[in-house]
Amino acid sequence: MSPVAVPESVGRAAQAVIYRAGALGSRPRVPVSPAGLERAARRRMSSRAWAYVAGSAGQERTARANLAAFDRFRMVPRMLRDVEKRDLRVELFGRSLPAPYLLAPIGVLELAHRDADLAEARAARELQLPMVLSTQASVPMEPVARELGDAPRWFQLYWSSNDDLVSSLVSRAEAIGSDAIVVTLDTHVLGWRPRDLDLGFLPFAHGQGIAQYTTDPVFRELVAARAALPATGPSPRPTPAALRTLLSISRHYPGRFADNLRSPLPRAAVETFLEVFSRSSLTWRDLAFLRERTRLPIVLKGIVDPRDAELALDHGVDGIVVSNHGGRQVDGAVAALDALPEVLARVAGRVPVLFDSGIRSGADAFVALALGAAAVCVGRPYVYGLALGGTSGVVEVMRNLTAELDLTMALTGVTSVAGIGPDLLRHAPAKMGV
Ligand SMILES: Cc1cc2nc3c(=O)[nH]c(=O)nc-3n(C[C@H](O)[C@H](O)[C@H](O)COP(=O)(O)O)c2cc1C
């Protein structure tokens, strides 16, 4: 009997790896179930790191709503449609991606793993999925870009109150070969985050997550100018905690640790960062400033109202990410998935609409794609993978998400991402009232 050649799909390949290892007695180091993944990561991370990564705004109603929104949709699988060969590729801004996933911009990844953005970049390279580099990264974009090799990269911009710094970050993003600039609109100030507040923990105050700034020539001039000013106010009491903070700030500043300990620059850098981080006075008109400075596609992240989507199009943007920052900004804000259909209807295919906030599985991604998202950004799940296994942890999480999407496509009767449409979705029957 000749063996039948069955094309190995991503989904079946992932199952095979796990079940084969299981037959030999080992279980996945990075749990496959979303709840198990979260639990394992929590055990691995410090309480501060966990609060920062898992925490959201207020009573975390929006964070919960982001997940619950997926329960309101059901798929209706179709049969006998020859789904043996499946293609998960999508095209975005002229580039073909192997799956409709991007690694969302996540700041301060050193809280999850010491290799932080470098580890994520190695995973992105292996997966050939776009990494969206954060303005609040733990590692500057240039070395991260080297780790990325030929993998696609986008740059996420927090619009600083200093325009020269904005220009400088954008030209660096161009120099490292970014395919797009993602302007995050929903975080011009930090939301009210009780978990972090109760620990009194803001990573930036410890010099964490400000590497894009401390390596920027414009920012460094601001720091030098600040450090040259005569000291004002009382100096902090030399408590053990204050000393640890000073050590952390000095360790994070570029240059020799011993020199940094004696220098006023590292502390001035933290203060300067807190001053220039963002600009709450930004309006639609300011987008012209960015348009003049770059030919790269401009993508706005954090749009949840169709009127804002319309304004975005009026102002010539090239893409939108429907997102509420994983519920980290406005407690009680609309669930991102609930906002997606209206935004898509208003945009009507004129620019790609991406989605994030609540993607925990391949089935979740399927729902967002079926509603019309061009691709989805994965946030917390890959950070949990990073905490558990560095680069290979991120690869495993993304492989699992891809595998489940592939199998969901097969089992619902579609062979391409374009084939994942609203015809495959129904609203779940409303729950009986109690
Ligand atoms: C720890 C953490 C840090 C984040 N940092 C950034 C950031 O620097 N820039 C940004 O645009 N979004 C940032 N986000 C938001 C993500 O890009 C994304 O919108 C969010 O994680 C989606 O929610 P989910 O992870 O619950 O699915 C961050 C999210 C988390 C959890």
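**Where the ligand sits**

Where does the ligand sit? The ligand lies in the largest cavity, a cavity being a set of points on a 1 Å grid over the protein atoms alone where a 1.4 Å probe fits but cannot get out, and a molecule sits in it if more than half of its atoms lie within 2 Å of its grid points.

This is a predicted model, in which local features need pLDDT of at least 70 and side-chain atom pairs count only at pLDDT 80 or more, while totals for chains, interfaces and linings use all residues. Residues are numbered from 1 along each chain as its sequence is written, and side-chain values use heavy atoms, with hydrogens and water left out.

**Contacts with the ligand**

Around the ligand are 23 residues, of which P105, S134, T184, R360 and R380 come nearest (near meaning a heavy atom within 4 Å). An oxygen atom of the ligand lies 2.7 Å from a polar side-chain atom of T184, and a ligand oxygen is 2.9 Å from a side-chain N or O atom of D356.

R122 and E147 form a salt bridge through their side chains, at 3.1 Å from N to O (a side-chain nitrogen of Lys or Arg within 4 Å of a carboxyl oxygen of Asp or Glu). The pair, 25 residues apart, links R122 in helix 5 (residues 116–127) with E147 in helix 6 (residues 141–148).

Terms used: A polar contact is a pair of N or O atoms within 3.5 Å; within protein, one must be able to donate a hydrogen and the other to accept it, and residues adjacent in sequence count only if both atoms are side-chain atoms. On a 1 Å grid over the protein atoms alone, a cavity is a set of points where a 1.4 Å probe fits but cannot get out, and a pocket is an open set with protein on both sides within 12 Å along at least five of seven lines; lining residues have an atom within 4 Å of a point. Helices (H or I, at least four residues) and strands (E, at least two) are DSSP runs, numbered from the N terminus.
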